[in-house]
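Open your viewer and get your selection tool ready. We will take a short walk through one chain, stop by stop.

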Amino acid sequence: MAAPEVTAGRVQVARPAPAAPPRRRRRPLRDTALVWGFAAPALVVYIGFVILPVVLAAVFSFFNWNGLGPLDRFIGLDNYVRAFSDPVFLGALRNNITIVVLSLVIQGPLAIGIALLLNRRLRGRTLIRTLIFVPYVLSEVVAGLAFRLMLPPGGPFDTFLTSLGWTGTKPQWLADPDVAFWTLFAVLTWKYLGLAIILMLAGLQGIPEELHEAAALDGASWWQTQLRITIPLLGPTVRIWAFLSIIGSLQLFDMVWILTGGGPLNATQTMATYMVDIGNGRSQIGFGSAVAVILFFVSLVIALIYQRAVLRRDMAGAVTRGG
Amino acid sequence: MNSKMRWAAVAATSALALGAVAGCSGGSGEGGEDGDVTIVWWHNATGEPLSGFWEDVAAEFEEDHPGVTIEVTGYQNEELQRTLIPNQLRTGSGLDLYQQWGAGELAAQVQAGYVMDVSDQLAEEVEALGGVVAPWQYEESTYGLPYNFGIEGFWYNTELFAEAGIDEPPSTLDELYEAIDKLKAADITPIAVGAGDGWPAAHYWYNFALKSCSPEVLQAAQAELTWDDPCFVEAGELLAEFIDSDPFQEGFLATSAQQGAGSSAGMLATGEAAMELMGHWNPGVMGGILQEETGDEDATPPEFLGWFNFPAIDGAAGDPTAALGGGDGFSCSAWAPPECAELLAYISSVDVQTRFGESGAGVPVTPGSEPGVEDENLQLVLGGLRDASYVQLWFDTAYGPTVGGALNDAIVQMFGDQGSPQDIVDAMSGAAATL
């Protein structure tokens with residue numbers, strides 16, 4: 001074969017030699033084959049480990065199946081009806097949505113504020129940035145276990161509070177159903193704020209210094225500069241972070257599983273922990289699959305709406321149209 | 001790299017990926033040439049002494065049976081029970097001898113055709129074991145053998161009991177209430193319960209149900225999965241009353257049963273609580289926790305441990321000497337080589353069972369192996385088991401994971417001050433309807 005100049009990365013731009021017009025037809029075909037050849041391994045993995053499980057879960061969800069023996073008890077939509085009439089599942093769904101909203105409302109502004117502060121010149125800035133990012137780097141399991149060990153009644157955290165002067169009875173951070181959800185959210189904020197701050201800082205780096213200078217020349221105060229220039233220009237970063245945060249909150253599993261296991265009394269159950277609890281723990285694979293499908297569709301619909309409505313301008317140019 | 005080589009590389013990568021997707025089979029089972037047989041054996045012992053004990057048993061069996069290789073692996077209990085074994089059974093290969101908890105789960109596996117019927121091959125062993133083998137039977141056939149069976153009771157700290165001025169372990173519910181009051185008066189947490197794990201809390205209801213319901217009612221409920229008898233509601237009422245006496249540690253809804261010093265077993269082992277209602281494995285669990293906490297590999301279960309059976313209730317319909325218990329066993333998969341049943345028989349032999357007792361890991365079941373039980377507390381458990389007129393298997397095991405899970409969940413709700421005695425019964429009926 002000729003054409004050694006055609007390399008994988010530049011298939012599109014490689015121009016065929018104009019000297020041999022009859023051969024021109026064959027080249028795109030060969031290019032197509034080459035593209036498929038390189039894409040095939042990734043596609044096979046993607047289809048085998050992503051598409052196929054989704055399809056299988058959808059199939060299982062129409063059956064009453066305990067995971068053993070053949071799939072032979074078709075029950076239509078019963079599993080879905082059951083999920084939407086189960087107060088525990090509805091509570092889990094409500095918890096997911098609450099976490100989505102709280103993350104956006106609390107973590108977002110907090111991250112922007114801290115990023116703005118850290119973007120100013122101050123001594124030890126690199127150290128502070130590193131420290132803030134540490135929780136995000138820690139594995140979920142390690143962080144979750146650490147909090148579990150710190151938060152039992154009379155545990156290290158309560159001792160710490162006492163040493164600060166709070167001598168009264170402390171809330172039962174993980175054992176009281178009315179408190180556990182807020183404890184969970186605080187731990188989640190601790191864990192994921194670092195990522196948000198780093199993203200915001202990166203976004204801030206992309207804002208040209210000249211704009212700040214121009215604003216200063218025009219007599220704008222620091223606050224005015226931040227509100228009128230920095231934050232609007234930070235828009236794309238905020239929108240991408242919000243997207244990641246929403247999807248992460250909807251699919252939240254590991255931290256809950258380690259910290260509370262969905263308890264006490266299902267107070268911190270999320271759709272994902274409920275799915276594992278019921279599907280795996282109680283051998284109701286069919287019903288668990290229905291929950292998985294619901295989780296999938298909720299995430300998909302929200303992601304698509306968000307992309308269409310919010311990320312449209314940010315994504316323009318990033319997605320190539322065929323042709 | 002010329003084009004040809006490039007294509008070859010692409011093809012090879014694709015083939016690799018395809019292999020990764022399609023492959024994953026292989027493994028065990030029906031041996032290869034020359035009559036060589038490999039038995040893949042999965043059990044739930046991840047710590048000493050038991051994991052080493054099973055390796056010894058496997059090595060002895062290999063020695064007596066030339067050509068047989070045993071691949072023995074211990075996995076974490078819940079992982080093994082809920083994920084690894086069901087997934088492997090579904091593939092129809094790769095697993096020969098495996099941990100079997102019996103009853104509801106066994107029935108589901110048998111119905112799916114995954115379990116070897118050993119009734120004929122092991123008829124002698126089954127007869128020797130007697131009634132204890134029932135959870136490993138389904139419709140008159142035997143699908144596995146137990147190696148460990150014990151009953152539940154209160155493990156207690158004799159020193160703390162003495163400190164609180166309790167001379168005798170309680171034998172009636174009223175005496176238990178008195179003991180709780182005395183312990184509280186001495187500023188001692190009376191009972192630790194790992195309600196965060198669900199089942200340890202649920203066992204209180206199990207015991208009240210055992211004392212409220214007659215054996216006939218319990219057997220009928222298990223066979224038909226219906227709970228119409230008022231005794232099941234009565235059990236919930238007794239439990240509500242018990243919870244109202246506030247005997248448990250602070251924050252019990254989030255306490256785990258067996259992990260670390262903060263767990264309920266850890267609290268009993270370190271003298272933070274005076275009692276824990278738990279199965280016969282508890283000394284082993286406490287020994288493990290003390291080993292972890294002190295870093296001393298030779299740490300043993302605490303000396304101060306005592307044991308008493310769940311107290312009787314005056315005027316209740318249940319058999320006062322009935323006991324609640326459970327055990328561990330092994331099953332052979334339907335496709336396992338015949339040597340698997342021989343290995344099962346070997347595990348059940350008096351010799352292996354006696355040494356199992358000596359290891360202190362549990363209570364052996366084969367008659368004649370009792371002398372192996374040296375631990376005083378396990379001797380109490382063994383005595384309680386021998387005196388029991390009726391032994392009820394843990395309800396969650398007996399009813400299977402679907403109903404059992406719903407039952408445990410509803411009971412924990414009651415521990416958290418939500419739900420009524422009737423709700424517990426309704427939760428079981430509701431779950432049974434989805435089977």
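Start by selecting B:Cys213 and B:Cys231 in this predicted model: their link is right-handed, with 105° about the S-S bond. The two residues are joined by a disulfide, and the S to S distance is 2.0 Å. B:Cys213 sits in the loop between α8 (199-212) and α9 (215-224) of chain B, while B:Cys231 belongs to helix α10 (residues 231-244) of chain B, so the bond ties together parts that are 18 residues apart in sequence.

Are these two cysteines buried or exposed? B:Cys213 is buried, with a relative accessible area of 1%. B:Cys231 also counts as buried, at 5% relative accessibility.

**Next stop: another pair of cysteines**

Select B:Cys332 and B:Cys340, which a disulfide joins with an S to S distance of 2.2 Å. Which hand does this one have? The torsion about the S-S bond of B:Cys332 and B:Cys340 is about -95°, so this disulfide is left-handed. B:Cys332 is buried at 0% relative accessibility, and B:Cys340 is buried with a relative accessible area of 0%.

Over all chains, the count comes to 2 disulfides. If you number the bonded cysteines of chain B in sequence order, the pairing reads 1-2, 3-4.

**Next stop: a helix and its cover**

Move to helix α14 (residues 350-358) of chain B and colour its buried residues: B:Val352, B:Gln353, B:Thr354, B:Phe356 and B:Gly357. What covers them? Among the elements to display are α2 (50-64), β6 (145-151) and α13 (339-347) of chain B. Then step past the helix to B:Gly360, which follows α14(B) and has a positive phi, near 80°.

**Last stop: a covered strand**

Select strand β7 (residues 153-157) of chain B, where 5 of its 5 residues are buried. Which strands pair with β7(B)? One of them is strand β9 (residues 273-278) of chain B, paired in the antiparallel sense over 4 bridges.

Technical notes
Residues are numbered from 1 along each chain as its sequence is written. Chains are lettered from A and ligands numbered from 1 in the order in which they are written. This is a predicted model: local features need pLDDT of at least 70, side-chain atom pairs count only at pLDDT 80 or more; totals for chains, interfaces and linings use all residues. Side-chain values use heavy atoms; hydrogens and water are left out. Buried means under 20% relative accessible area, exposed over 50%, partly exposed in between (1.4 Å probe, protein chains only). Helices (H or I, at least four residues) and strands (E, at least two) are DSSP runs, numbered from the N terminus. Contact means heavy atoms within 4.5 Å. A disulfide is a pair of cysteine sulfur atoms within 2.5 Å. Two strands pair if DSSP finds at least two bridges between them.
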